[in-house]
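Please look through the following model from its overall architecture down to single residues. The paragraphs below take up its helices, its strands and the packing between them.

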Amino acid sequence: MVGVSESHSGWTFITNHARVLAAIADNPNIRIRDIAAHCRLTERAVQRIISDLEQDGYLSHTRDGRTNTYRIDPDKVLRHPAEAGLTVASLLSLLVQDETDRIGQTGPQPLMDAGSAR
């Protein structure tokens with residue numbers, strides 16, 4: 001796993017639900033075991049998060065043999081009132097990098113100018 005640090009204590013900017021959703025957006029056929037490893041969560045925690053996301057309509061899945069294929073509803077609006085009107089697609093555009101971008105990163109990326117933030 002490129003860029004994954006050791007365990008962390010304290011608060012973080014991104015919730016586990018967002019991390020799981022981003023992992024699924026990156027690979028709709030990803031296994032729960034692989035999501036757990038990538039997000040540094042237990043498999044059971046990932047199952048609960050997927051259940052939450054499915055229950056509220058952010059995510060659905062189809063089963064083909066032993067493989068799940070997940071589908072994210074990109075037009076679903078985020079839950080918190082502070083993000084009123086923002087969609088899952090807008091969140092994922094910030095969290096999911098193209099694989100070629102990940103491989104090509106050689107150093108720190110430039111910081112976004114505060115004036116360009118939405």
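What covers the buried residues of H1? The cover includes H2, H3, strand S1 (59-64), S2 and H4, where buried means under 20% relative accessible area, exposed over 50% and partly exposed in between, with a 1.4 Å probe and protein chains only. The buried residues in H1 are Ala18, Val20, Leu21, Ala22, Ala23 and Ile24.

This is a predicted model, in which local features need pLDDT of at least 70 and side-chain atom pairs count only at pLDDT 80 or more, while totals for chains, interfaces and linings use all residues. Residues are numbered from 1 along each chain as its sequence is written, and side-chain values use heavy atoms, with hydrogens and water left out.

The chain has 5 helices and 2 strands, arranged along the sequence in the pattern α-α-α-β-β-α-α; helices (H or I, at least four residues) and strands (E, at least two) are DSSP runs, numbered from the N terminus. Of its 118 residues, 20% count as buried.

Leaving aside residues up to four places away in sequence, Ile35 touches Val20, Ala23, Ile24, Ile30, Val46 and Ile50, contact meaning heavy atoms within 4.5 Å.

The axes of H1 and H3 come within 10 Å and cross at roughly 85 degrees, the axes being lines fitted to C-alpha atoms, for helices over the stretch in contact, with angles from 0 to 180 degrees between N-to-C directions. The two helices H1 and H3 are therefore roughly perpendicular to each other, a term that covers 65 to 115 degrees. Their contact is made by Asn16, His17, Val20, Leu21 and Ile24 of H1 together with Val46, Ile49, Ile50, Asp52 and Leu53 of H3.

S1 and S2 run antiparallel and are joined by 6 bridges, two strands counting as paired if DSSP finds at least two bridges between them. Leu59 stands opposite Ile72 in S2. The hairpin of S1 and S2 has 2 residues between the strands, and Gly65 in the turn has a positive phi of about 70 degrees.

Arg40, in the loop between helix H2 (32-39) and helix H3 (43-55), also has a positive phi, near 60 degrees, although Arg40 is a residue other than glycine. At 42% relative accessibility, Arg40 counts as partly exposed.

Terms used. Parallel < 35°, antiparallel > 145°, perpendicular 65-115°, else oblique.
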